[in-house]
Amino acid sequence: MNGQFETAAVSIFVAMVLDGLDGRVARRTNNQSAFGAEYDSMADVISFGVAPALVMYAWVLSTMGKAGWIAVFVHTAGAALRLARFNTQIATQDKHYFQGLPSPSAAAILAGFLWVCVTHGITPETPAIGSVALGLSVFTGLLMVSNFRYYSFKSIDLRGKVSFIWAILIM
C-alpha cells in the first residue's frame, strides 16, 4: 500500500510456495483436519483473491473508476467461489484435474504482470496498460469459476525412472 508493488508481487509468489507446502506438511505429520482445510481456503482467498486484486487496484485500477472496482470484485469473488466449489466437490472430483483455474495460478497471472511492468519501468500512465490490467483481472476471475478442466500434475511420479526419450523431449 506504500507503492512497493514489486515487493507485493514477490510476496504473492512466496505465498504460492508456502501454500504448496502447507498441505504436504500436514499430511506428512498426520495433522490434517476439516478446520485446517477450511482455514487454508480462507487464507487462499486472502492470498490469491484479495491481495492480487488489491495490489492491481492500488497500482492502476483505481484510476478507472467503477470499472476498476468491478474488475477487483470479479477477481476476488471468482477466487472465493472457486475455492467454495472446490471444497464442496473434493470427495467426488477427479484428482487428476481441477475444475476452473486454480486461484494461485490466477494470482500468478496478475502478480507476474505487475512484476514485469514494474521491473521494466512500465507505469500506470503507459497507454492501454490500465485496460490490460482490467482485462486480466476480469479474465482471471472468470476463469476461476469456469468449467474448464486444468491438469493438476498431482499424479506425476518424479521418483520413478524416466526413459531417455522422455528426458530428451522434456529438454
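Asp19 has its place in helix H1, where helices are DSSP runs of H or I with at least four residues and strands are DSSP runs of E with at least two, numbered from the N terminus. The structure is a predicted model, in which local features need pLDDT of at least 70, side-chain atom pairs count only at pLDDT 80 or more, and totals for chains, interfaces and linings use all residues. Residues are numbered from 1 along each chain as its sequence is written, and side-chain values use heavy atoms, with hydrogens and water left out.

Leaving aside residues up to four places away in sequence, Asp19 touches Asp40, Asp44, Phe48 and Pro104, a contact being heavy atoms within 4.5 Å.

Between the C-alpha atoms of Ala26 and Gly78, which are 52 residues apart along the chain, the separation is 26 Å.

Zooming out gives the overall plan. The protein has six helices and two strands, and along the sequence they follow the pattern α-α-α-β-α-α-β-α. Its C-alpha atoms fill a box of roughly 50 × 40 × 30 Å, taken along the principal axes. Of the 171 residues in the protein, 33% are buried. Among contacts with a separation of 6 or more, 80% are between residues 24 or more positions apart. The protein exposes about 10900 Å², and carbon and sulfur atoms supply 68% of that area; accessible areas come from the Shrake-Rupley method with a 1.4 Å probe, and for residues only the protein chains shown count as cover.

Helix H2 spans residues 34-59. Its 26 residues reach 37 Å from the first C-alpha to the last, close to the 38 Å expected at 1.5 Å a residue, where the expected span is 1.5 Å times one less than the number of residues. At Val50, H2 bends by about 30°, and the proline Pro52 follows within four residues. The bend at a residue is the angle between axes fitted to the seven residues ending there and the seven starting there. The buried residues of H2 include Asp44 and Phe48, two residues that Asp19 touches. Cover for the buried residues of H2 includes helix H1 (5-28), helix H3 (66-88), helix H4 (103-119) and helix H5 (129-144).

H4 has 17 residues and reaches 24 Å, close to the expected 24 Å. Its buried residues include Leu110, Phe113, Leu114 and Cys117, and their cover includes H1, H2, H3 and H5. H5 has 16 residues and reaches 23 Å, close to the expected 22 Å. Among its buried residues are Ile129, Leu143 and Met144. The buried residues of H5 pack against H2, H3, strand S1 (97-99), H4 and strand S2 (149-151).

Backbone angles complete the picture. Most residues other than glycine have a negative phi. Asn30, which is not a glycine, has a positive phi of about 55°. This residue lies in the loop between H1 and H2, and counts as exposed because its relative accessibility is 65%. Ala128, another residue other than glycine, has a positive phi near 70°. Ala128 is found in the loop between H4 and H5, and is exposed, with a relative accessible area of 53%. Gly121, which follows H4, has a positive phi near 75°.

Methods:
Buried means under 20% relative accessible area, exposed over 50%, partly exposed in between (1.4 Å probe, protein chains only).
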